[in-house]
Amino acid sequence: MLKALRVCLLVLGVSAVVIALSIFLFGAGFTAASAETAFGLATGWRGPATGVWPPSMDSELRFYAALWGAYGVVVIRTAMNLERRLNEAPWLAAVFFAGGAGRILSRLSLGAPHPFFTLLMVIEVSLPAIMLVLWLGAKPLRASGNGRSPAR
């Protein structure tokens with residue numbers, strides 16, 4: 001359980017840092033268009049692209065990209081020393097879930113986004129539950145000493 005949780009955290013953390021860097025350096029529109037194109041190639045979806053993002057939205061999302069990247073760094077740090085930072089995992093899962101809840105609110109308020117962003121929403125509301133189950137399974141291992149790395 002500890003190893004699976006570590007993998008989930010590492011994938012989430014690295015993804016957050018990569019996405020944040022893309023938005024910060026290249027812009028939200030470029031990042032979204034690239035993801036939508038990849039989604040279309042992978043799934044065969046042929047609907048319309050999101051379109052041009054206004055400068056104010058790009059500015060706002062580049063600001064938030066720094067925070068998303070910092071979240072990714074914290075997640076990676078937790079994963080790399082999970083035995084000592086195990087109790088951070090549910091908090092990190094809760095923050096990730098809150099982001100997915102924000103997407104749900106957006107969908108309810110404004111309508112469905114591009115299917116790629118719907119996929120992200122599904123991941124953001126389901127992965128935290130998986131992480132919580134893994135965390136609950138890892139806690140007994142840590143308490144018994146079976147999940148600990150050898151002393152250095």
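This is a predicted model: local features need pLDDT of at least 70, side-chain atom pairs count only at pLDDT 80 or more; totals for chains, interfaces and linings use all residues.
View 1. Residues are numbered from 1 along each chain as its sequence is written, and side-chain values use heavy atoms, leaving out hydrogens and water. The tally is 6 helices and 0 strands (DSSP runs numbered from the N terminus: H or I of at least four residues for helices, E of at least two for strands). Along the principal axes, the C-alpha atoms fill a box of roughly 55 × 30 × 25 Å.

**View 2. The largest pocket holds about 1,500 Å³ of space.** A pocket here is an open set of points on a 1 Å grid over the protein atoms alone, with protein on both sides within 12 Å along at least five of seven lines; lining residues have an atom within 4 Å of a point. The volume is the space filled by probe spheres set on the points, which are joined across faces, edges and corners. Of the 48 lining residues, Ile23, Arg103, Phe117, Leu120 and Glu124 lie nearest the centre. Helices α1, α2 (28-43), α3 (55-80), α5 (89-110) and α6 (115-144) each supply at least two lining residues.

**View 3. Leu21 sits in helix α1.** Its relative accessible area is 46%, so Leu21 counts as partly exposed (buried is under 20%, exposed over 50%, partly exposed in between, with a 1.4 Å probe and protein chains only). Across the chain, buried residues make up 32% of the 152 residues.

Definitions and conventions: On a 1 Å grid over the protein atoms alone, a cavity is a set of points where a 1.4 Å probe fits but cannot get out, and a pocket is an open set with protein on both sides within 12 Å along at least five of seven lines; lining residues have an atom within 4 Å of a point.
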